[in-house]
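Biologist: I would like to go through this model with you. Shall we start with the terms and then turn to the chains?

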Amino acid sequence: MVPMSNAISIKGTREGLTITLGSGDIEILLQDLAQHLATQGAFFRGGTVALQVGERAMKEGELARINGLLAENEMILRTVVSTNAATQQAAGSLGLRTVDQQPAQDAGAVPSSTPPPQVQASPPMHVTPRSQQESSRGMLIHHLVRSGQVIRHTGHVVVIGDVNAGAEIFAGGDVVIWGRLHGTVHAGAMGNNQAVVCALELAPLQLRIGDLVARPEESERTLGKKGPRKPGPEIASVRDAMIIVEPWERLPRGG
Amino acid sequence: MPTRVITITSGKGGVGKTTTTANLGVAIARLGKRVVVIDTDIGLRNLDVIMGLQNRIIYDIVDLVEGRCRLRQALIRDRLIAELYLLPAAQSRDKSAVSPADMVRVCEQLRGDCDFVLIDSPAGIEAGFRNAVAAADEFILVTTPDIAAVQDVDRVVGILEAEGRGAAKLIINRIRPELVKRKEMFSPSQILDILSVELLGIVPDDEAVIVANGRGTPIANDMRSLVGKAYHNIARRLLGDRVPFIPILEGRPSLLERLGLTRRF
């Protein structure tokens, strides 16, 4: 990954993304943000953003530029978190919600009662780790992932259970599924072609690793008929700029 | 017994939600329970037609929530069964005429006054669906044995689970044993394998259902019919009886079956 300055951090929360602007010249920060988004934007696409600026006084034009940058990457700036009155006013005049501290729960979120921790449904939401520490590791999903459910995580994702058709998993790292994969998976979603996808039955609608996309051969949908071969554990990885799938026994990188 | 409010939903349209609601209403009422069925498909009401009550509607659910009538005035008694009532949808308005809070209020009024409230949900997962599920304690999912319907039910279960809602059980509708045998149609076990929800019942495909719907007399009134029996079994299961699932595909066909006189389901 491209080295980033510490002046900007992007963190996932259950409600969406929090982008924190540190201290320093706003022009440099804006450049940094643009660079972050250029490398990771695809991963966060469709997310809602809370912009945390602390005490920094921001002009309306500056906020508008950030809003524009995010919009280019299909992200929606929803909230500006600031203790600075001028910033709050600028945000207000752009029609953005302002708060002086990070809310516990986004007011835009719909669930009426506690959802399962990792997955939310309708509207598609973005589930990302709560702390930086988590993001460097993995996320464990211990249930069936159903159609319409989206899981996003900057690290590895492990699912114990099936991933049904219509479900989507986006992971910065590897995706391991102890179950049947019938949905869509993007491993190495921030541009890592070294990522792998393993499943006990690897039959995704679509498989993406890094910047490559593969569709399993569009053989006849089988329904009750047994497929051409018995499903077994398989691993998908990138070799020579192609996604290849191999049975687990012939593990390409020696386990 | 406290009133059980159950929403019948599916995601996909045309899988038989309304037919299921009408028939379960009949089957449960025939077991001696007092049942109110509610049509929440405002703007496209159908439940009244299938129950043969469309010419008796004076007030509908929108009249009720907008205060133009009392609950008793809006409830229409079934033609054949004394303890079955319909609260019809409005035909002239749209889903925004009723809110989820309105549905909760209507169902609160019904609680204690009847044994079952069955809510017929419109297709989709938008406002109409939101209204239909708002007040429910339990859910009956209806699917047909095809990929699109199963995937839509999967989506609905995901939404209900994410919101921590009550138990959801599955009815597999319009199964055709001969297609399943030829592996041209999902079998019940394949569907359950994908959805991992509890099975409430299997209803075979039968043109008698269409005929009965056309007459406005749901097939569950005909206890001799295969489908009528299937709904009766489902009603008993809802009441807590352990009714075995008749194996739909196992074993050899009997002589009668081979002669086309009976079918298994």
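Modeller: Two strands pair if DSSP finds at least two bridges between them. Helices (H or I, at least four residues) and strands (E, at least two) are DSSP runs, numbered from the N terminus. This is a predicted model: local features need pLDDT of at least 70, side-chain atom pairs count only at pLDDT 80 or more, and totals for chains, interfaces and linings use all residues. Residues are numbered from 1 along each chain as its sequence is written, while chains are lettered from A and ligands numbered from 1 in the order in which they are written.

Biologist: How many bridges join strand 2 of chain B to strand 4 of chain B?

Modeller: Strand 2 covers residues 35-39 of chain B. It runs parallel to strand 4 of chain B. B:Ile38 stands opposite B:Leu87 in strand 4. The number of bridges is four.

Biologist: Which residue stands opposite B:Tyr85 in strand 4 of chain B?

Modeller: Strand 3 (residues 76-77) of chain B runs antiparallel to strand 4, with two bridges. The two strands form a hairpin with six residues between them. Opposite B:Tyr85 stands B:Arg77.

Biologist: Are the residues on the two sides of strand 4 of chain B buried or exposed?

Modeller: A residue is buried if 20 or more other C-beta atoms lie within 10 Å of its own, exposed if 12 or fewer, and partly exposed in between; C-beta atoms are placed from the backbone. Strand 4 spans residues 84-87 of chain B. B:Leu84 and B:Leu86 lie on one side, B:Tyr85 and B:Leu87 on the other. All four are buried.

Biologist: What is the radius of gyration of chain B?

Modeller: The radius is taken over C-alpha atoms, and the globule rule is 2.2 Å times the number of residues to the power 0.38. Chain B has 265 residues, so a compact globule would come out near 18 Å. The value for chain B agrees: 18 Å.

Biologist: What percentage of the residues in chain B is buried?

Modeller: Chain B comes to 12 helices and eight strands. Its C-alpha trace spans about 60 × 40 × 35 Å along the principal axes. Of its 265 residues, the buried share is 50%.

Biologist: Why is strand 10 of chain A described as largely enclosed by the rest of the structure?

Modeller: Strand 8 (residues 156-160) of chain A runs parallel to strand 10, with four bridges. Strand 12 (residues 197-202) of chain A also runs parallel to strand 10, with five bridges. Strand 10 (residues 175-181) is largely enclosed because of its seven residues, the number buried is five.
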